[in-house]
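Biologist: Can you walk me through this one? I'd like to start with how the two chains meet.

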Amino acid sequence: MKDLIEKLGLDEFFTFVAPGSVLLGSVIALWVDPAMVPPGLRAILKHPPILFAALLLAAYTCGHVLSLWAEGGADRYLTPASLRGVRGALAFFQGGVLAFFHWMSPPKHDEFIVEAKIRIAESLERYGGLAGVRLSENPLGWLSLYRSVVAGRPGAKDNPLLQAADSAHRRLGFALGTSLALLCVGLQALLRFLLSFVWQLARPPLPALGLLCIVGVGGVAASFALRWAAGRWWRQELLLTCAITQIDLTTPAKP
Amino acid sequence: MPEDFNITSRIERGSVVLSVQYSPESLRDPGLGERLGLEMVRLYEANLPGPGASCVVVIQAAVAASVIVRALYTLYQKVRKQAGQVFLVGFPEDCMRSLAMLGLSSLRGFNSAESEEQALKLISASENR
């Protein structure tokens, strides 16, 4: 199954194209008026292969932006306010905004996890110099970097723990990107609802108001639910990677 | 063989204060963490004024690496066995985030303070509670 995913690029599909498609689809459905599409562009849209390729590229690009935003935002949300360099009311406001867009439940630390994380930092320093400990500042990415180092060891590639941790990381990436896309969909729908209901702005043509409400509230709720799931996947990835540190596969092999 | 670090210890208001110095070059030695940790534990035990004594670690260096985190964790385990707390002072600002992400600063009984005086005040406050 893993080979199939690698061959077909489904990993990329779920991590980037799926969230990107959700966001792109919502923008087109909620804001683009078909009557306002220029005739030149309309002629191009009549060719399905070109249309498909353009949409795929746009969705892939959107997905990458979403993924970077989701990871960067989660990273910032998880950094204590004192280390973000903000204080007082600004810290409170920034914390609120970050929580709304990037709340997730980080894995709790106990002595087993801390000890394993120190081993990971030490292993990365053996390979990457003194930057090893600084790599932990990217909490969502450094575990997979460590696993890449481990995977280079003979016989390690088929280690079931490694495969399970990679799988959890893929789910985490999907959940983070899609949750942000769903939040954007929900916010757009609510904005569209306000524009039409409160300010009576009906251009471009509106979907049913009830549907907008459902999409708005449902998008925000689904986003929080997915972020809760992302927290679970992250914990699973962390525990599995910590378990890998018990089997020291990173020591360079003797010739 | 001379050690590539220097630790001085003293007792201050019922807590052990360890001042640690090391050179940036010494951080490249993967065995430093274990040696430094064991030496800090030895000095903590040697100066232990009584059960439950806390330990203030003052880092006098501009850089840190995982070997330093390893040493701090070794000390932390010992101090927690004595039901004390570890207070970290002067850890390089650039590496504070790494310390938080590695989870050491979220462990019960591991704290940071801006100065040795503040750390000692916090220890007194927690003991009087």
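This is a predicted model: local features need pLDDT of at least 70, side-chain atom pairs count only at pLDDT 80 or more; totals for chains, interfaces and linings use all residues.

Biologist: OK, what is chain A built from, helices or strands?

Modeller: Chain A has 10 helices and zero strands, and of its 255 residues 34% count as buried. Among the contacts in chain A with a separation of 6 or more, 79% are accounted for by residues 24 or more positions apart.

Biologist: Switching to chain B, what are its elements, and in which order do they run?

Modeller: Chain B has four helices and five strands, and from the N terminus on they run β-β-α-β-α-β-α-β-α. Of the 129 residues of chain B, 43% count as buried, and among its contacts between residues at least 6 apart in sequence, 78% join residues at least 24 apart.

Biologist: What does the radius of gyration of chain B say about its overall form?

Modeller: A compact globule of 129 residues would have a radius of gyration near 14 Å, and chain B has 14 Å, so the value agrees with that form. Along the principal axes, the C-alpha atoms of chain B fill a box of roughly 40 × 30 × 25 Å.

Biologist: How are the strands arranged in the sheet?

Modeller: They form an open sheet of five strands in chain B, in the order β1-β2-β3-β4-β5 and with mixed pairing. The edge strands are β1 (5-12) and β5 (110-113) of chain B, each of which pairs on one side only, and the twist averages 20° from one strand to the next.

Biologist: Which way do β4(B) and β5(B) pair?

Modeller: Strand β4 of chain B, residues 86-89, pairs with β5(B) in the parallel sense over four bridges, and L88(B) stands opposite S112(B) in β5(B). Further into the sheet, β2(B) and β3(B) also run parallel and are joined by five bridges, with S19(B) standing opposite V58(B) in β3(B).

Biologist: Why would you call β3(B) largely enclosed?

Modeller: Five of the five residues of β3(B) are buried, so the strand is largely enclosed by the rest of the structure. Both of its faces are covered, with C55(B), V57(B) and I59(B) buried on one side and V56(B) and V58(B) buried on the other.

Biologist: Last topic, the nonpolar core: which residues touch the most other members?

Modeller: The largest nonpolar core has 91 residues, and V57(B), L72(B) and L75(B) touch the most other members. Helix α9 of chain A, residues 160-197, gives the most to this core, with 15 residues.

Biologist: And what is V57(B) in contact with?

Modeller: Leaving aside its neighbours within four places in sequence, V57(B) is in contact with L18(B), V20(B), L72(B), L75(B), V86(B), L88(B) and V89(B).

Key. Residues are numbered from 1 along each chain as its sequence is written. Chains are lettered from A and ligands numbered from 1 in the order in which they are written. Helices (H or I, at least four residues) and strands (E, at least two) are DSSP runs, numbered from the N terminus. The radius of gyration is taken over C-alpha atoms; the globule rule is 2.2 Å times the number of residues to the power 0.38. A residue is buried if 20 or more other C-beta atoms lie within 10 Å of its own, exposed if 12 or fewer, and partly exposed in between; C-beta atoms are placed from the backbone. Two residues are in contact if their C-beta atoms, placed from the backbone, lie within 7 Å. A nonpolar core is a set of buried Ala, Val, Leu, Ile, Met, Phe, Trp, Tyr and Cys residues joined through C-beta atoms within 7 Å. Two strands pair if DSSP finds at least two bridges between them. Axes are lines fitted to C-alpha atoms, for helices over the stretch in contact, and angles run from 0 to 180 degrees between N-to-C directions.
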